[in-house]
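Student: I have a new model open and would like to talk through its side chains. Could you walk me through a few of them?

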Amino acid sequence: MRIVIFVVLLLSGCAAPKHPRTHVNVPPPPVVTDLHSYIVGINYAITTQLFDADTYAGKTCDVRLDLDEKGQLTGLHVLTGDPSLCTAASDAVRNAKLPTPPSQEINKMLTHPVLHFAPEK
């Protein structure tokens, strides 16, 4: 039996940087110690790579990740959503430096997380 965890990425607070690949005042990544902080860490890693999020307000995209035992991306599958947001989300996931899972149990729970991108203004 495969468990699929839905990780909701609320991008309401994401403001676009002045230059597409320059981060201004990006807070440090969270310390990953448990399931909640691991999900927060994944969210942080991806949202810091999703530029111009406010241009996708009102659009959604669902993406399933395939992660290895070290929490690194081995595959990405767009499930449904707006093509332009899905392209931006896919690029953000591929460019993100995902955190290492804090334990084998958490890694097994989040081997194939489904991310729901729903930027808001």
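Tutor: Happy to! Keep in mind that this is a predicted model.

Student: Is S37 buried or exposed?
Tutor: A residue counts as buried when its relative accessible area is under 20%. S37 has a relative accessibility of 9%. That value puts S37 in the class called buried.

Student: Now for the cysteines. How many disulfides are there?
Tutor: A disulfide is a covalent bond between the sulfur atoms of two cysteines. The sulfur atoms of C61 and C86 lie 2.1 Å apart, and the cut-off is 2.5 Å, so this pair qualifies. The count comes to one disulfide.

Student: Which parts of the chain does the pair C61 and C86 link?
Tutor: The two cysteines are 25 residues apart, and the pair links distant parts of the chain. C61 has its place in strand β2. C86 is in helix α2, so the parts linked are strand β2 and helix α2.

Student: What is the handedness of the disulfide of C61 and C86?
Tutor: The torsion about the S-S bond is what decides this. For C61 and C86 that torsion is about 120°, so the disulfide is right-handed.

Student: Are C61 and C86 buried or exposed?
Tutor: C61 has 0% relative accessibility and counts as buried. Its contacts beyond four places in sequence include V78, L85, L115 and F117. C86, at 5% relative accessibility, also counts as buried.

Student: How far apart in space are C61 and T87, C-alpha to C-alpha?
Tutor: In sequence, C61 and T87 are separated by 26 residues. In space, C-alpha to C-alpha, the distance between C61 and T87 is 9.3 Å.

Student: On to charges. How many salt bridges does the structure hold?
Tutor: We can go through them by pair. D82 meets K59 at 4.0 Å, N to O, and D66 meets R64 at 3.4 Å. R94 and D91 also meet, at 4.0 Å, and the structure's total is three.

Student: How many residues apart in sequence are the parts that D82 and K59 tie together?
Tutor: The side chains of D82 and K59 meet in a salt bridge. D82 lies in the loop between β3 and α2, while K59 lies in the loop between α1 and β2. The pair therefore ties together parts whose separation in sequence is 23 residues.

Student: What separates R94 and D91 within helix α2?
Tutor: R94 and D91 form a salt bridge with their side chains. They are three residues apart in helix α2, so their separation is about one helical turn.

Notes. Residues are numbered from 1 along each chain as its sequence is written. This is a predicted model: local features need pLDDT of at least 70, side-chain atom pairs count only at pLDDT 80 or more; totals for chains, interfaces and linings use all residues. Side-chain values use heavy atoms; hydrogens and water are left out. Helices (H or I, at least four residues) and strands (E, at least two) are DSSP runs, numbered from the N terminus. Buried means under 20% relative accessible area, exposed over 50%, partly exposed in between (1.4 Å probe, protein chains only). Contact means heavy atoms within 4.5 Å.
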